[in-house]
Amino acid sequence: MEGESVTLQINVTELQRDDEILWTFGTKGPLIAKTNGVNNYFPDDLDGRFRDRLELDQKTGSLTITNTSTELSGVYEAEISRSNSSPKHRFNVTFYARLPIPVIISKFSNCSSSSSSSSCSLLCSVVNVSHVTLSWFKGNSLLSNFSMSDLSISLSLPLEIECLDDSYSCVVAYSFSNQTSHLNTELCQTCPDCAFCCHVSEAVIRLVVSALVGVAAACIVTYDITSRKVDQDRA
């Protein structure tokens with residue numbers, strides 16, 4: 001992550017006499033650091049991106065990059081200059097910007113003409129991100145998501161809901177880190193006559209079950225009364 005330090009190790013236990021390690025940035029790029037096991041050398045950094053950010057281990061030749069930023073992403077090469085060979089090591093390093101917290105806004109709320117249901121259109125957005133996935137969740141269940149690898153863009157993901165509760169959340173994530181915003185139900189206006197819209201289905205089921213139980217009980221009582229009358233007539 002941006003701001004953290006990273007050490008590029010080249011599998012050298014200890015530099016030998018006359019060994020020299022040269023570090024460059026980019027394929028056949030400029031020299032950024034050099035050591036012979038005794039003295040370290042850091043050439044002038046023309047654009048200033050590596051200034052006061054590089055450290056060399058004189059024993060192993062490993063390069064440490066500190067106070068990192070996304071502009072330091074790229075290919076780093078280490079060449080071990082020896083009398084009989086010049087092996088190279090290459091590192092492809094990507095520094096990721098810290099993720100912003102997603103912003104959830106309400107586009108509009110809608111009540112049906114019968115006021116029997118309501119819906120709310122939401123929009124979750126993040127700015128200046130790259131290589132991320134933006135997702136809507138209800139609890140732990142994924143509702144929708146969208147991924148983008150372009151650099152420094154803004155992402156938005158819409159969602160329309162009917163049941164207003166605080167179980168909805170919007171998540172922006174790398175493969176190893178994420179940021180989450182939870183829905184504030186005050187963003188959506190519930191219909192005046194629809195305070196319990198989210199529980200309509202449950203209420204209907206309960207009414208149907210109650211009605212069926214009532215009908216069954218009535219049938220039993222009617223059958224019992226009819227049976228008694230028949231017995232009395234026979235007597």
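**Pocket**

I looked up the largest pocket first: 16 residues line it, and I32, P43, D44, D45 and F50 lie nearest its centre. I am working on a predicted model, where local features need pLDDT of at least 70, side-chain atom pairs count only at pLDDT 80 or more, and totals for chains, interfaces and linings use all residues. Residues are numbered from 1 along each chain as its sequence is written, and side-chain values use heavy atoms, without hydrogens and water.

A pocket here is an open set of points on a 1 Å grid over the protein atoms alone, where a 1.4 Å probe fits, with protein on both sides within 12 Å along at least five of seven lines; lining residues have an atom within 4 Å of a point. I read about 310 Å³ for the largest pocket, as the space filled by probe spheres set on the points, which are joined across faces, edges and corners. Its lining holds nine nonpolar, seven charged and no polar residues. Ala, Val, Leu, Ile, Met, Phe, Trp, Tyr, Cys and Pro count as nonpolar, Asp, Glu, Lys and Arg as charged, and the others, Gly among them, as polar.

**Strands**

I then followed β2 (residues 20-25), which runs antiparallel to β7 (residues 74-81) with six bridges. Strands are DSSP runs (E, at least two residues), numbered from the N terminus, and two of them pair if DSSP finds at least two bridges between them. β2 also runs antiparallel to β3 (residues 31-35), with four bridges. L22 has E79 as its bridge partner in β7 and stands opposite K34 in β3.
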